Every structure is written in C-alpha cells, then in structure tokens.
Amino acid sequence: MKPNSPKITRREGLKAALATAAGAALLPASVRSADAQTRSETLRHVMAGTINSLDATVPGSTREAFGVGMSIYDRLGSFGRKEVEGQWTFDFDNIRGELAEKVDRSADGRTFTFHLRQGATWHDGTPVTAADVKWSLDRAVSAKSLAAAQVASGSLTKPEQFKIVGDRTVEVSLDRPDRLALANLSIPLSPMFNSVLAKKHATSDDPWALAWLKDNTAAGGAYIVETHRPGQQTVLRRNENWKNGPEGKLPFFRRVIAQTVPEAATRANLLERGDADLSIDLQASDIDALEQRGRIKLVAVPQTNGFTGIVFNTRLAPFDNPKVRQAVAAALPYEDMFKAALFGRGRRLFGARWTEVPTEAFPQRLPLNTDLAKAKALLAEAGYPNGLQTTFSFAAGAASAAEPAAVLVKEALAKIGIEVTVQKMPDAQFVTLQVERRLPLFMESGTAWLPAPDYFLRTYFSGEHRWNFSGFKNAEMDSLVQAARFETDPAKYATACKRMITIAATEVPTVMLWQPNQDAVMARNISGYTYWFHRQVDYRDLVRA
C-alpha cells in the first residue's frame, strides 16, 4: 500500500507472469528454489490487500498487517480456540498465557501479575526480560499509534500502571476492575518488543521507533521475517526456538509466503491449480464455481464479532424521529436482501420474534421483520402520511453486496411512499460525509476487536466518535455502557446488556442486517483454519495433511 513500488505495476507484472508460466513463477527464484525443497511445509497465502507495515500499531496499518503481526510478535496473553458447528473460531472467554506462562489476578480484580516464560528469547537470541515488557506496555499507552485508544478501553492508560517486580515478572494495576483489561493485552495492538533492539532505532522525534518498526522487527514470535516487500510480498520462516504456543508446540509450516494478488480471478486460478494454498477474499461467484468443481475446500464461518447494517443519521431529520426509523425497518425485504447481497453466505441478524431479549449476547437476531401495513402506519404517526424523500448511500468498495441490496431498499421503501435516490460513492468521499454526519441513510459494516456485548454496544451505539455511525445518543444507553465494563456481578452484567439490546432494538438507530461469512478457500489438504476477531489468517493454526 505504500513504498517500494516496482517500475511496472503489480497488475501488469502479474499478467505477464501468468501469461508465460505457472503461478509459482510469481515468486523470486530464491524463494522458488527453497520452496521446491519443502513444498509440503510451505504455505502460500494469496490476498487482495497488502501488508503495508510489520508493526500493526502504526497508524494506517492494513488489516493484513494485523494478521501477520500475530505470527511475528507475541503478546502477554492469547485467546483460545473452540469448535463451533464443526468449524474453529476464537474463544473470547478463554485467555491463556502466551509470552507469560502464568497470569495471577488479585481478589479485587485490580492487579494482574504476569510471569514470563522461562527461557523465552527474542529472534536475535537475547532473553526476554521484564524491562522489555514494561517498555512495550509503556509504548502501547504513550506512542502516537493505534494502540493507545484501544487499550484505554481496558483502563490501560498510563506507564505508571506497569511495574517490574522481578526479573521475569511484571505487575499491571487498575484503578478499578475492568472486564476488558486482560483481553486488550491479547490482541494485535499489544505486541511485546525487544526493547534493547527497538531503542537503538529510536530518535528524539520518534522515541518509540515507530518509523523503523514499520519495515523492521524487534520480535520473538512464532515466525521470523525473511523478506518483506511492502504492498507485494512477505516471506516468513518458522522460529525454531519458539515455545509460547499451546503446549509449547511449533507451528506446522516452516515457511509462509504471503503475497498480494489483486485480481480475484487470478487468486482463484492459483488455488485451483495448486499454486497457492489459501485465500480469504475471493468473490462469491468464484467460490461457487470452485466448490462445484471440487478442487478446493471451503471453510465458511460467520463473522461473529461483526455486522452489516443500514444506518440512520439520528441527528438529521427525518431520521431523528424513531417512528420514521421503525417504519423503514418494517418495510425492508430482509430475506431478499440477504440472498441478493450475500448469496445467503452469512448469519441473519433479522427475523427474531422475541419481545423480551433471550440472551445478553450481541450481536444477536433482533425482531426485525417485514410488515408493510405497520410501516405505513408508523410513517403516518411520525407525520409523513404522504411519504418523504431521502438518499441511500454506500461506498464503492462495498458495492458487491451493497448495490443489489440498494435496489431492493429503493423498491421496498417506494411501497410506503419513501422516494429513495441511491448514491454510490468513492470510499474516501463516503467516509468523509459519514464522519461529518451528512449522510441521512447509508449501508455500513463494523467489527469489534473485543466481542463483549458491552464493548460492542459502547463502540457502535454510544459516544461522539466515528464508530457510532448513527450518532445515536440515549442517556440510558450511555450510562449503561459505561457502567457495564466495570460490573463484576455476572447477573447484573447480563441484566444491563439485555436492557441495552432492548434499547438498540426498539430505537433502531441501525438496522442490523447480517454477519457475512469469512469464506476461507484453501487446498483440500489444509486444516486447522480458525476464524479470528481480526478477520485475518493466523498461520500458527494451520497444518497440511
């Protein structure tokens, strides 16, 4: 996405290579030679996006950078995995030690003590120390990076909270118990750095070495960066000294080749020919064709910590009126939209019939159902018996799903007297107008780093930040989302979450539509793929039969 662009474009280079040789010719000769010797132990991952930074905390880092960062760096903790309906997904309720072999929590929930693994080393062979961990935590809360705002959601805000209490022991203190403190130390934005190496490349203007770490590493994780060409290809080799995984086991693959291949059809062809092993961003139409020919394996897991929805600007008439929002919600053809936009690939968040929330989990299916008579009545009650005019907007980058949905939204709302003008916008323009709260009605998606219901509701239905897409402001919701994160009584927490879900369902600032599948297409002999909250591949999970 950023520097080191070749003189010929990637598109031109890939077309030329594919016209003269097999997919393996896309790789440098040195990599092809090494790979030929250990093909079974080499994973080739082809992606539409780019790895533009080796430090996931650098502002502007792509989601692909988050994924590769999980394999390069360790964190103090890590979420476990669980099998759900035959597929692997992350287990938010099970946090194990990663670089820390043990985590002690005080009885009052305000202190975590991390005991580092005996014999843990960095990639350069030097031992991991408590001083390295202290520096890494100080960096998370102090550097001008993506980390500070995120870890603050777990009450981690200042260096004084982190204390070295032994050669391999670090203590983290909180002013009050926070449900998300430990979880925030287990995500891509909380990597542990070799501080001695990193500080050699720090400057007075860049005391946390953000610039150097963007293209270099000071790490100790499961994989070592062998070569890195930003925006093109990153090659990793296994760290044979890594002992921080489950049961101390090494990952299966000795080498990983992560390559940007912009055209979806080219990625599909590489997979079908056996020249690539994995892709998670193919077109739905390509996936259908590949499945029918039976040459690949598809692992489809709903993005359980995400959503796609139709958002109302609750600070702009007429959608500042909840009855208008409810009218639109009652008019939408949910099932037709689901099939047209996603080909049915995902989990429905509409169609529930409950009047009392059955569970505190969120997102969950809400009582959103098509009822045109109800829609017309609500619109009349809101003061619009003759209908109204509005626009429905979406970003060009989301057009594959949003465009067919928009056609159905326009048709459906016309039936209750709402005339809709559809606007397909360049992504940058869409984001700008959305942030400035100038779009009345639009389609948007979101994903929560931490899928705790209170965190999700706090992120998307409260506050003055961008992620509160609708600009929703409700005094009771605002109070509940702030209190719930510190609630230690499980019953009280569940009650608070159910009340927040009820507010979101009845006030309808956003019509929650669905959770798209994460469609991972892979060689038939690859197994272990796990859906992670960062929506990228964790290479440490994968094996070849």
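1. Basis of the note. The model is predicted, so local features are taken only at pLDDT of at least 70 and side-chain atom pairs only at pLDDT 80 or more, while totals for chains, interfaces and linings use all residues. Residues are numbered from 1 along each chain as its sequence is written, and side-chain values use heavy atoms, with hydrogens and water left out.

2. Helices and strands are DSSP runs numbered from the N terminus, a helix being H or I over at least four residues and a strand being E over at least two; two strands pair if DSSP finds at least two bridges between them. On that basis an open sheet of four strands has the order 4-5-7-6 with antiparallel pairing. Its edge strands, each pairing on one side only, are strand 4 (100-105) and strand 6 (162-166). Neighbouring strands are turned against each other by 25 degrees on average, direction ignored, where axes are lines fitted to C-alpha atoms, for helices over the stretch in contact, and angles run from 0 to 180 degrees between N-to-C directions.

3. Pairing within that sheet. Five bridges link strand 4 to strand 5 (residues 111-116) in the antiparallel sense, and valine 103 has phenylalanine 114 of strand 5 as its bridge partner. Phenylalanine 114 has a further bridge partner, valine 170, in strand 7, and strands 5 and 7 run antiparallel with five bridges between them. Strand 6 and strand 7 are joined by four bridges, again antiparallel, with lysine 163 opposite glutamate 171, and a hairpin connects these two strands through two residues.

4. The helix across the sheet. Helix 4 (residues 130-142) lies across strand 5, strand 6 and strand 7 (169-173), and its direction is at about 175 degrees to strand 6.

5. A second hairpin. Strand 8 (residues 223-229) and strand 9 (residues 233-238) run antiparallel and are joined by six bridges, among which histidine 228 stands opposite threonine 234. Three residues separate the two strands of this hairpin, and in the turn glycine 231 has a positive phi of about 80 degrees.

6. Valine 256. This residue belongs to strand 10 (residues 255-260) and is buried, with a relative accessible area of 1%; buried means under 20% relative accessible area, exposed over 50%, and partly exposed in between (1.4 Å probe, protein chains only). Neighbours within four places in sequence aside, valine 256 is in contact (heavy atoms within 4.5 Å) with Leu43, Tyr223, Thr234, Val235, Leu236 and Tyr539.

7. Serine 279. Located in strand 11 (residues 278-279), serine 279 is buried at 0% relative accessibility. Its side chain reaches the backbone oxygen of valine 46 at 3.1 Å, and a polar contact of 3.0 Å joins the side chains of serine 279 and aspartate 281. A polar contact is a pair of N or O atoms within 3.5 Å; within protein, one must be able to donate a hydrogen and the other to accept it, and residues adjacent in sequence count only if both atoms are side-chain atoms.

8. Helix 11. Seven of the 10 residues of helix 11 (residues 322-331) are buried, so this helix is largely enclosed by the rest of the structure. Arg325 is one of those buried residues, which also include Val324 and Ala327. At the start of the helix, a side-chain oxygen of asparagine 321 comes to within 2.9 Å of the backbone nitrogen of lysine 323.

9. Backbone details to check. Most residues other than glycine have a negative phi, and most peptide bonds are trans. The bonds from alanine 317 to proline 318, with omega near 5 degrees, and from phenylalanine 362 to proline 363, with omega near 0 degrees, are both cis. Glutamate 85 has a positive phi of about 50 degrees and is exposed at 73% relative accessibility, whereas alanine 209, with a positive phi of about 55 degrees, is buried at 0%.
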